[in-house]
Amino acid sequence: MKKNIRIPLLGLLTVLIFSSCEKNKFSLKETNFIDGKAQLKVNFVSSYRNNPAVQLKIDDVRVSNNYTYFTPFPGGGLNTGGGNYADYLSVNPGSHTVKISIPNVGTNNDSLVLATTTVDLTSDKTYSLYFADTAANTIAKLLEDDLSSPDSGYIKFRFINLMPDLPAGLDLYYGTGFTSTTSTKVSGPILYQGVSDYFTVALNTGSSWSIRPAGALPTTTAIATYASASTVVNQRVFTITSRGYNSITSTTDPRRRLFSFIYNR
């Protein structure tokens, strides 16, 4: 099942939605590019204490509703805001300015620009843009996404580390639990702004994930954990991203150390 949502951007900007078609499986149709467009997902991973509502603009045209951290746009994921679909914006190839700002109340005008960058996109390719850290330390990172599905019985992942205050990076663990006897390192060490190669895990081998400082013994307590059967859906493609700050542990602070699963397919 596929649904198209149209948003004005340079004549055409379409959100592609791939939805679940049967239990533990989703549509395996190949990505449908529209008229040689590129596809783009924007992930605002900059965590502010007051968690302001923000808007996304491309070439100074607003293309989003107001939304808050952490919400992949368009689309969603697990341990995120947003929906249950692997959505992308369809954008003309070429150079574009992407901006995240706090809008003036009741308008599309920028009250405060939190992040901006210029991206160069190629037709018939799919990209994810990530903003991380805050204020003068804000960074932007553009990645090309591989939406090809793994073999049946497997799920494909990529891990990006966007937690700025662990200089040695992070290790990612997966298994049936969070201990050294129930989980295994599947990626790492991944430095800040670093990205792993794609890797797969088999169905029915677990649904528990955890992150530890790079090099920490697997017997140590994980700094963040997440468990959900929705992370291991047959032939799905995810990006796992760490976020927030390792030094912030309060469960009421949006800047606390966490990680999330972004739907790519």
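A charge is said to sit over a ring if NZ of Lys or CZ of Arg is within 6 Å of the ring centre and within 35 degrees of the ring normal. The model is predicted, so local features need pLDDT of at least 70 and side-chain atom pairs count only at pLDDT 80 or more, while totals for chains, interfaces and linings use all residues. Residues are numbered from 1 along each chain as its sequence is written, and side-chain values use heavy atoms, with hydrogens and water left out.

**Stop 1: charges over rings**

Select K156 and Y198: the charged end of K156 sits over the ring of Y198, 4.8 Å from its centre. Next select R236 and Y263, where the charged end of R236 sits over the ring of Y263 at 4.0 Å from its centre.

**Stop 2**

K156 lies in strand β14 and D146 in the loop between β13 (139-144) and β14, so the pair ties together parts that are 10 residues apart in sequence. Strands (E, at least two residues) are DSSP runs, numbered from the N terminus. K156 is buried at 7% relative accessibility, whereas D146, at 33%, is partly exposed. Buried means under 20% relative accessible area, exposed over 50%, and partly exposed in between (1.4 Å probe, protein chains only).

**Stop 3: further salt bridges**

How many salt bridges does the structure hold? There are nine. Select D110 and K57, whose side chains meet in one of them (3.1 Å, N to O). D110 belongs to strand β11 (residues 110-121) and K57 to strand β6 (residues 55-58), so this pair ties together parts 53 residues apart in sequence. K57 is buried, with a relative accessible area of 6%, while D110 is partly exposed at 26%.

Then select D171 and K185, which form a salt bridge of 3.9 Å, N to O. D171 is in strand β15 and K185 in strand β16 (residues 183-190), 14 residues apart.

**Stop 4: an aromatic pair**

Select F238 and F261. The whole structure contains 12 aromatic pairs. The ring centres of F238 and F261 are 5.9 Å apart and their planes stand at 85°, so this pair is edge-to-face. Rings of Phe, Tyr and Trp (its six-membered ring) pair if their centres lie within 6.5 Å; planes under 30 degrees apart count as stacked, over 60 as edge-to-face and the rest as tilted. Both F238 and F261 are buried.

**Stop 5: the nonpolar cores**

A nonpolar core is a set of buried Ala, Val, Leu, Ile, Met, Phe, Trp, Tyr and Cys residues joined through side-chain atoms within 4.5 Å. In the largest core, of 25 residues, those touching the most other members include F157, W209 and F261. A second, separate core of 22 residues includes L56, L89, V91 and L114.

**Stop 6: L40**

Finally, select L40 in strand β5 (residues 38-45). Is L40 buried or exposed? At 1% relative accessibility, L40 is buried. Not counting residues up to four places away in sequence, L40 has contacts (heavy atoms within 4.5 Å) with residues including I58, L89, V91 and L129. The C-alpha atoms of L40 and L129 are 7.3 Å apart, although 89 residues separate them along the chain.

Methods
Helices (H or I, at least four residues) and strands (E, at least two) are DSSP runs, numbered from the N terminus. A salt bridge is a side-chain nitrogen of Lys or Arg within 4 Å of a carboxyl oxygen of Asp or Glu.
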